[in-house]
Amino acid sequence: MLGNLYKTKLEELLVICRNNLPANKLNEKLISDAFSFAHHAHKHDLRKSGEPFISHPYAVARILATEIPIDSITIASSLLHDVAEDTVYTIADIREKFGDEVAEIVDGVTKIEGIFGNYEQKLVETYKKLMFSMTSDLRVMMIKFADRIHNLRTLEFLEDPRQIRMAQETLEIFAPIAHRFGLSGIKSELEDLSLKYIDPTSFDEISRQLNEVKSEKKRFIRNFIKPIKKRLIKENYKFEVFGRTKHIYSIYNKIRNKNKTFDEMNDIFAVRIIIDTQNKNDCFAVYGLCSEIYIPVPERFKDYISLPKQNGYQSIHTTLLAEDGDPVEVQIRTKDMQEIAEKGIAAHWKYKEKSNLNDIKLESWLKSVREAFENQYKDDPDKNLMETFKLNLYQDEIYCFTPKGLLKVLPVGATCVDFAFEIHTEIGYKCIGAKIDRKIVTLDTKLKSGDQIEIITSKNQTPKRDWEQFVTTHKAKSDLRKYFNLEKRKQSEKGKEIWEKKVKKKKIHFSEENLQKVIHKLRHKELSGFYYEIADDETKADDALNILSDTTKIQQLDQKVMWNNELINKSSEDISEKIDKQYKEEIHAKNGQLLKIDGDLDLKNLKYEFAKCCNPIPGDEVIGFITQTEGIKIHRKACRNVDFYTLDAHRLIEINWDGESSGEFNGGVKIIGQNSAGILNDITNTISKNFNVNIKTVNITTKNSIFEGRFILEIGTLKQLNDIIEKLNHHEGIFSVSRLE
């Protein structure tokens with residue numbers, strides 16, 4: 001039986017549901033039964049605050065009924081959401097009492113719970129659970145949003161480590177999803193409550209500053225909107241107009257990202273005009289009236305009505321100059337647009353006859369959310385799931401056009417290559433250049449809203465590895481990864497055919513064990529990598545066959561590996577008997593560049609050379625590998641061959657550059673551009689005159705109007721090479737410049 005207090009609580013909840021839920025989706029008996037069941041199930045449970053546990057599901061249900069009103073099934077499920085997790089009752093019990101729909105939603109919420117055991121290890125699993133919930137029933141996420149808000153409101157009762165973990169997880173996972181669902185009010189509260197625990201000093205400081213200027217700004221906004229209200233009344237509009245304040249986390253981000261102070265921000269307070277109309281053109285008419293009263297700032301006008309955001313958000317954004325010249329942000333929208341802006345997906349659901357997903361607009365919206373989680377890379381799904389999530393869910397959008405006027409919505413920071421892949425995968429694969437508003441630009445140029453982009457393609461073009469460094473969209477990254485993985489498999493298959501033909505021709509017999517030993521000697525982790533190298537260089541197959549053809553060499557290889565391991569694995573104690581103390585041994589390259597080698601071994605007489613596979617340059621992060629016959633090979637840490645050396649990790653030594661370079665190193669650049677008269681002369685002059693660098697070799701190939709040049713230069717440092725690349729990238733007629741690997 002419910003006590004008087006909880007009868008009152010239930011009645012309060014029912015009143016909120018009557019006021020907010022659509023009449024055809026209100027089932028008071030279902031809500032009452034769920035409340036009674038949850039109250040009974042949790043009757044012996046307390047929260048960390050000491051309150052009866054039922055206070056939590058009750059608070060969650062109130063948040064849903066107030067902020068995200070969908071239907072009675074969602075409210076009932078929220079009241080029951082902790083029953084299966086924390087009491088003796090099961091999902092089967094809930095199913096028997098309340099039916100399949102409620103049971104499935106409660107089960108979905110339960111599956112997301114329990115992630116605090118090991119935050120870092122379980123983060124990927126959390127993403128997967130969220131993906132599952134969003135592809136089954138979105139009401140699961142609505143309950144989870146409300147659950148998270150109430151947990152954050154009462155976070156003070158948890159110990160510090162859990163406070164930080166929950167706040168961080170909220171910023172990384174739940175706030176971005178709320179943003180994608182168009183739940184701006186929920187997103188803002190999640191962010192502000194999280195910031196309170198992640199950076200309490202900044203939170204308190206911004207709160208204090210807001211309070212100090214609030215009274216003054218309120219007077220300013222009241223005076224600003226007076227003539228607007230007067231004019232709208234005269235024109236017979238039904239409307240609301242009021243001031244609003246940016247939420248604390250938004251201010252915090254702007255201060256941090258734009259290196260501004262609070263006093264330098266002029267858009268903390270804004271004006272919102274909401275028109276009671278079904279005609280969206282009235283918004284433009286009201287904008288016209290406002291611009292007659294105050295001077296508009298043309299470059300600050302944004303039309304999200306004609307071009308809605310992917311989450312359905314629509315509004316006009318503009319900036320008007322007050323009489324004293326202060327800029328004021330103004331947003332103009334209809335009542336329906338306001339409801340979608342605040343309640344997002346719940347606003348769509350409200351007008352549906354049933355709580356299914358048949359609404360075309362809503363289904364299109366949900367598709368954009370699901371695409372952020374589906375079609376993950378097969379090679380490393382856990383890593384890329386998190387990467388994709390962060391790339392897709394929380395980025396602002398820009399609006400770009402093809403030459404024929406086709407609209408493409410992309411994240412801020414997207415490049416020409418992202419745009420090419422957005423048109424079609426094959427366009428992305430074949431792109432060699434781009435024009436923005438008819439001006440040739442490099443492929444890594446970042447796009448802006450309103451840009452018209454023409455992609456230049458060539459049937460002989462293939463994707464380049466360096467594209468992965470600047471593309472931002474999930475589609476571009478996914479398509480590139482698929483291409484490179486497919487090419488690697490094709491290359492490996494080609495190498496395998498070459499290998500099998502050579503083995504058959506020489507009639508060599510060997511065991512699988514001996515083959516594995518040989519490919520490890522040749523610094524490959526597995527056969528596929530070995531075959532890949534053979535396709536690129538057939539002599540690698542001959543090297544392996546020469547070793548396999550002589551069993552004596554195999555035995556010598558085993559002995560050398562054993563001897564080398566014994567030598568390198570000598571303890572520091574044994575070595576310290578032969579030297580006075582541990583030190584960093586210095587050795588000089590032939591060109592005078594000074595290197596430092598970390599470690600205890602006496603390396604004075606050990607020869608070394610720079611690996612030709614990656615050509616390290618002073619400034620590159622480098623590492624040394626002690627070979628059996630060639631001394632130390634110095635590689636860039638990014639060199640793909642370094643991966644093979646991890647099998648003999650004890651032979652890797654840390655090496656650092658030390659001192660100024662007095663010599664020259666080989667550094668290459670690859671340039672793709674428009675094949676025009678004098679372009680080669682311009683490039684060579686730019687390199688030699690601006691940087692006083694000698695050009696050792698030049699290799700140019702042309703196709704139609706496009707050229708590809710490979711330049712080998714005498715380089716002193718990595719910075720010098722990067723400066724050359726940066727300079728050439730801004731050269732007219734050049735599409736892309738990258739380091740030649």
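Let us begin with helix α4, which spans residues 72-79 and is mostly covered, 8 of its 8 residues being buried. Those buried residues are Ser72, Ile73, Thr74, Ile75, Ala76, Ser77, Ser78 and Leu79. Please keep in mind that this is a predicted model.

Is tyrosine 294 buried or exposed? Its relative accessibility is 7%, and since buried means under 20%, tyrosine 294 counts as buried. Leaving aside residues up to four places away in sequence, tyrosine 294 touches Asn223, Phe224, Pro227, Ile228, Leu320, Leu321, Ala322 and Glu323. With one of these, phenylalanine 224, there is a contact at 2.7 Å, from the side chain of tyrosine 294 to the backbone oxygen. Alanine 322 is 28 residues from tyrosine 294 in sequence, yet the two C-alpha atoms are 6.3 Å apart in space.

Now to the aromatic rings. The model contains 12 aromatic pairs. In the pair of phenylalanine 421 and tyrosine 429, the ring centres are 5.7 Å apart and the planes stand at 80 degrees, so the arrangement is edge-to-face. Phenylalanine 421 is buried at a relative accessible area of 0%, and tyrosine 429 is buried at 13%. Together with Tyr483 and Phe484, Phe421 and Tyr429 form one aromatic cluster.

Finally, two charges sit over rings. The charged end of lysine 217 lies over the ring of phenylalanine 220, 5.5 Å from its centre. Likewise, the charged end of lysine 309 sits over the ring of tyrosine 313, 5.3 Å from the ring centre.

Technical notes: Residues numbered from 1 in each chain as written. Predicted model: local features only at pLDDT ≥ 70, side-chain atom pairs only at ≥ 80, totals over all residues. Heavy atoms only, no water. Phe/Tyr/Trp six-rings, centres within 6.5 Å; stacked < 30°, edge-to-face > 60°. Buried < 20%, exposed > 50% of the residue type's maximum accessible area, 1.4 Å probe, protein only. Lys NZ or Arg CZ within 6 Å of the ring centre and 35° of its normal. Helix = DSSP H or I, 4+ residues; strand = E, 2+ residues; numbered from the N terminus. Contact = heavy atoms within 4.5 Å. Polar contact = N/O pair within 3.5 Å; in protein donor to acceptor, adjacent residues only side chain to side chain.
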